[in-house]
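Please read the following briefing alongside the sequence and the model.

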Amino acid sequence: MSGTEDVLVLDKPGSHRLESRAIAEPGPGDARVRVHASGICGSDRELYQGNRPEGYVRYPVTPGHEWSGTVEAVGAGVPAALVGRKVVGEGFRNCQVCDRCHAGDTTLCTAGYEETGFTRPGAMADTLTLPGRLLHPLSDDADLGAAALLEPAACIAAAALKARAQPGERVAVVGTGTLGMIAVQFLAAVSPARLLVVGTRPDREQLSLDFGATDFRTRDQLSDQLSGYDVVIETAGSASAARSSASLLRRGGRLVLTGIPAAGADGLDPTDLVVRQIEVQTVFGAPPAAWSHAVRVFDAGLLTLRPLITHELPLTDFASAIELVGSGDPAVGKVLLRPQGLD
């Protein structure tokens, strides 16, 4: 296929441009995807502002690690049957040969960090080329707009798998953003005795209840009496949220942290963790098993993502989209960029 495509490029923090490039044919092992939508999250704001940790970005870069699309071409060694399929794809470019990759922990690849949209070209472009082995096909009738949220859903799937919540347990989610609302759905699916949601946005109460929560509290409504939970998944990304999450747990409870606070923040009290024998796990990205789990749940109609999307803008409105995400406006949920324009 010949022709050109539009590609968003961040040359450096605060400096972006839209350029036209020739569409390249995928090489051996690669697939080219026609991008339907690309989501914007806090990590993309970090790219734009220049405060993403060193080693986790390489400028110039095309952002876009949350995306969905349709395969339009494949290189040698990639099944031709993928052409025309709706897909999402893993972001971590693991080596496949180190001990961590062989164990399935591809986000811990010892060859070093490489990820779509941060150190490799991302999906804020008309097309995205990536290794075909990273693709996860969707059902033919999948909502591609909603599917653009499957990257954060896969991260939460990883957290849910680590949390090991059982039917009848008392579980909680701290954080009411996109990750938090997805976490509510994964935990509700195991039939807990109680599912508490804690956040700073009272406007998220009804949505939390719709997704299966049994109780909602804002952070200032927490008290020492509100504790005894078996599992807490933290999604807010602040040190105070991590501390609040730990305070909710019973002795021997299980805590999974998915948010990333600012470096050097005061966090959990190690004495408290040891004395109460709290099990702490963390998530940074999603391995293949979590991606498969998220896609399976989504295709089965058990994961509702469309209500989390509040804005869809063309790729040319990148600056406006970044401002929306950082506005603090409670009316702003997930913002999608549509490279092909709005239908």
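In this predicted model, Val256 has Gln281 as its bridge partner in strand E13.

**Strand pairing around E12**
- Strand E12, residues 249-257, is joined to strand E11, residues 229-234, by 5 bridges, and the two strands run parallel.
- Leu255 of E12 has Val232 standing opposite, and Leu255 also stands opposite Val280 in E13.

- The open sheet has 6 strands with parallel pairing, and their order is E10-E9-E8-E11-E12-E13.
- Its edge strands are E10, at 215-218, and E13, each of which pairs on one side only.
- From one strand to the next, the twist averages 20°.

**Helices and crossovers**
- Helix H7 packs on the sheet, where it touches strand E8 (170-174), strand E9 (194-199), E11 and E12, and the direction of H7 makes about 145° with that of E12.
- Helix H7, residues 239-248, forms a right-handed β-α-β unit together with E11 and E12.
- A right-handed β-α-β unit is likewise made by E12, helix H8 (residues 270-275) and E13.

Definitions and conventions
Residues are numbered from 1 along each chain as its sequence is written. This is a predicted model: local features need pLDDT of at least 70, side-chain atom pairs count only at pLDDT 80 or more; totals for chains, interfaces and linings use all residues. Side-chain values use heavy atoms; hydrogens and water are left out. Two strands pair if DSSP finds at least two bridges between them. Helices (H or I, at least four residues) and strands (E, at least two) are DSSP runs, numbered from the N terminus. A crossover is right-handed if, with the strands pointing away from the viewer, the path from the first strand over the helix to the second runs clockwise. Axes are lines fitted to C-alpha atoms, for helices over the stretch in contact, and angles run from 0 to 180 degrees between N-to-C directions. Contact means heavy atoms within 4.5 Å.
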